Amino acid sequence: MMYKSNPLKEILHPKIAFIQLREAERVKNVILVALLLLLMNVILSLLRAYFGIGTEELTKHLDRYTGEQFAFLQLLFAFGHALGGLCVPLLFLFISSIIYYLLFDIDFVKLLTIQLPILLIFLLEDLFLFPFQLFFGVKDLFSPFSLGVWGPYITKHAFIWALLRTVSLFSIWAISIQIIALRSLTEKSVQRIAMIVIAVYLFFALLAAAGTEFPFNGF
Amino acid sequence: MKRWKRYIFIVIVLCICANFYILFHAQSKIPKSVYVNERAKPEKTNIKETVHTTGMTVPTERKFIYYNPQLGAIDEILVTKGQEIQVGTPLIRYVDEEIDREIHRIARKKEQLNAQIEQLSKDIDDYTTMSSSAKEDSIEKMQWEEKAREAEREKTLLEWQMKEYEEQQHELTEKKDELIVESNTAGVVEEISYNKSKPLITIASPSAVVRGKVKEETIGKLAVGQTATVNVPNEHESFAGTIADIGKFPIKEASFQEKSEYPFTVQLNEQPKQLPFGYHVNITVVTKEKNGVITVPAEAVWHEKTKAFVYVIHNGKLEKRNVILGIKHGKKQEIEQGLRQNEYIVSHPTKQMKHGMDVIVPLEVEKPRKETIKQLSKWDIVKHFLDGFFRSFY
């Protein structure tokens, strides 16, 4: 039997989709779907950069540069952002797949396949957030779909804010899809899988928080 | 199972609602960014404040000729409406019947005298011929000669009388000439009126000034000596001038219901040739002029009650700065105090903007020149590229 990768079906009817995946002997379209998702991510990154979303740090230096220099730096930012939009999901895709590959005895391609709906969910999150960022000035860190908005009320540490930000409606959705998928593929107990998935997600969350708080301030 | 799902759904919705409240309520602690679509730098320019109004061309001066009853009745008006006149052009001829009668009487007397003198001359001739034909030293001759001398005396008397009459006649003619009123200005006959409450003849001077009207709110801005530009509607022609006079009384009778309008006069530097009197024109008066002042687009000024603000982008954050406004002209607004020339300001402020917000600006796509890139340090380039890269994490 052959399984065609379809992230949309996987996030809407995960149980059926992953049972089909388990039964499948070959998986098709993984690379195509992955590339498509990456491309969409890059486009969204460029779009965000075009509207200057996330360029708060850059705007601080507005007075220091001439108009032309500033435009060039904006362009650099956009390129960096587009590259990030390509690399970050790619890293996530492979690192998480490798981790699960080491922990469970599952086909690597199937593991890659179950990461694709996760990418789609994160892409959706970005899409949902985009109008809020553009029209209401909501920052990435304070997405209304996440616990990030509680950050400034709890602590002054921006790192904690970034960690809180990783707990969002979409990340819970992604984790639950991940758990359903891995359970369907490994048939291990829910508790164990949930613990592993959450641990892996926490690892990424720490990484993302560290990345977000890349220490540029003061330069 | 279904109920369990419903509870989760309700919890999620409540959470998101709470998040939105935390994010958007008025005293929210959450720092926000604001998207500044357009920014501008204040300009150092010249600015003038103007008043726009309308007016029309009128003669510089009007001379009024009134009926003078001392000179008698009017015999004839010697000009017609619209006629161009010079200094000395006769305007009105009065008539005095007594003088006319006297002249007539003198003329008749003169005729009479003339006839008498002629008769006497004939008589003298006759007497002379008679005396010459008479014998020498005769009584007859002496009588004729006597008669001739007498006639001669009488003739001289009459001639003297004649001269007197001529002098009288001359005097009377002069008196009659005085009854013709001549113009002492050049111009155009604007109106001839037989209405007793109006001047008989109105003479308009050929040069024109512009009479404008101004509302009572703006009358205070005008002053004598301010420059004004007069534009003829639908034509590109414009004339420069200065305010020569500002009326103290409103054009119409003042009333409590209506706002008053006041007249003012613009003296033109150059006479418009083609414009007839009473032609409506637009007037722009420069009431104030300042050179080398800081101006911003008028839209960039945010008004709150009586205060004015501009949003300055300072270190990547919005700064709501109180400014003192100067004069406004068109889309430019002078900032008297509170703004320096090299600061970026927000071109179109919105309600959302608050002091201290982070600013984001859209990307300006333009091809950078090599020199521009060379001027930047490598660290600048790497830093902002990496900044972009790491913004992809969240």
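This is a predicted model: local features need pLDDT of at least 70, side-chain atom pairs count only at pLDDT 80 or more; totals for chains, interfaces and linings use all residues.
**View 1. Overall make-up of chain A.** Chain A contains 10 helices and two strands. Read from the N terminus, its elements follow the order β-α-α-β-α-α-α-α-α-α-α-α. Of the 219 residues in chain A, 42% are buried.

**View 2. Helix 8 against helix 10 in chain A.** Helix 8 of chain A spans residues 158-165, and helix 10 of chain A spans residues 190-212. The two pack at an angle of about 135°, and their axes are 9 Å apart. Angles over 145 degrees would count as roughly antiparallel and those from 65 to 115 as roughly perpendicular; helix 8 and helix 10 of chain A are therefore oblique to each other. Their crossing is right-handed. On the side of helix 8, the contact involves Phe159(A), Ala162(A) and Leu163(A), which meet Ala205(A), Ala209(A) and Thr212(A) of helix 10. Five residues of this contact of helix 8 with helix 10 are nonpolar, one is polar and none is charged.

**View 3. Helix 9 against helix 10 in chain A.** Helix 9 of chain A, residues 169-186, packs on helix 10 of chain A at an angle of about 135°, with 9 Å between the axes. This angle makes helix 9 of chain A oblique to helix 10 of chain A. The crossing of helix 9 and helix 10 of chain A is right-handed. Helix 9 contributes Ser171(A), Ile175(A), Gln178(A), Ile179(A), Leu182(A), Arg183(A) and Thr186(A) to the contact, while helix 10 contributes Val190(A), Ile193(A), Ala194(A), Val197(A), Ile198(A) and Tyr201(A). By class, the contact of helix 9 with helix 10 of chain A comprises nine nonpolar residues, three polar residues and one charged residue.

**View 4. The contact between chain A and chain B.** Chain A brings 52 residues to the contact, and chain B brings 47 residues. On the side of chain A that touches chain B, at least two residues each come from helix 3 (30-50), helix 4 (56-59), helix 5 (67-103), helix 7 (151-154) and helix 10. Helix 5 of chain A gives the most to this side, with 17 residues. The side of chain A that touches chain B consists of 30 nonpolar, 14 polar and eight charged residues.

View 5. Strand 12 (residues 227-231) and strand 13 (residues 238-246) of chain B are paired antiparallel through five bridges. Within this pairing, Thr227(B) is placed opposite Thr242(B) of strand 13. Six residues lie between the strands of the hairpin formed by strand 12 and strand 13 of chain B, and Asn234(B) takes a positive phi near 65° in this hairpin. Strand 13 of chain B is also joined by five bridges to strand 14 (residues 261-268) of chain B, and these two run antiparallel. Leu268(B) in strand 14 is the bridge partner of Gly241(B).

**View 6. An open sheet of three strands in chain B.** The strands of this open sheet stand in the order 5-7-8 and pair in the antiparallel sense. Strand 5 (73-77) and strand 8 (180-182) of chain B are at the edges; each has a single partner strand, so one side of each lacks a neighbour in the sheet. From one strand to the next, the twist averages 30°. Strand 7 (residues 90-95) of chain B is joined to strand 8 of chain B by three bridges. Pro90(B) stands opposite Glu182(B) of strand 8.

**View 7. Two asparagines with positive phi.** Most residues other than glycine have a negative phi. Asn29(A), although not a glycine, has a positive phi of about 70°. Asn29(A) occupies the loop between strand 2 (26-28) and helix 3 of chain A. Asn29(A) is partly exposed, with 15 other C-beta atoms within 10 Å. Asn315(B), also not a glycine, has a positive phi of about 50°. The loop that holds Asn315(B) lies between strand 17 (307-314) and strand 18 (317-329) of chain B. Asn315(B) is partly exposed, with 13 other C-beta atoms within 10 Å.

View 8. Thr350(B) is located in the loop between strand 20 (344-346) and strand 21 (358-360) of chain B. Thr350(B) has 12 other C-beta atoms within 10 Å and is therefore exposed. From C-alpha to C-alpha, Thr350(B) and Val36(B) are 9.6 Å apart in space, while 314 residues separate them in sequence.

Technical notes. Residues are numbered from 1 along each chain as its sequence is written. Chains are lettered from A and ligands numbered from 1 in the order in which they are written. Axes are lines fitted to C-alpha atoms, for helices over the stretch in contact, and angles run from 0 to 180 degrees between N-to-C directions. Helices (H or I, at least four residues) and strands (E, at least two) are DSSP runs, numbered from the N terminus. Angles under 35 degrees count as roughly parallel, over 145 as roughly antiparallel, 65 to 115 as roughly perpendicular and the rest as oblique. A crossing is left-handed if the near helix is turned anticlockwise from the far one by less than a right angle, and right-handed if clockwise. Two residues are in contact if their C-beta atoms, placed from the backbone, lie within 7 Å. Ala, Val, Leu, Ile, Met, Phe, Trp, Tyr, Cys and Pro count as nonpolar, Asp, Glu, Lys and Arg as charged, and the others, Gly among them, as polar. Two strands pair if DSSP finds at least two bridges between them. A residue is buried if 20 or more other C-beta atoms lie within 10 Å of its own, exposed if 12 or fewer, and partly exposed in between; C-beta atoms are placed from the backbone.
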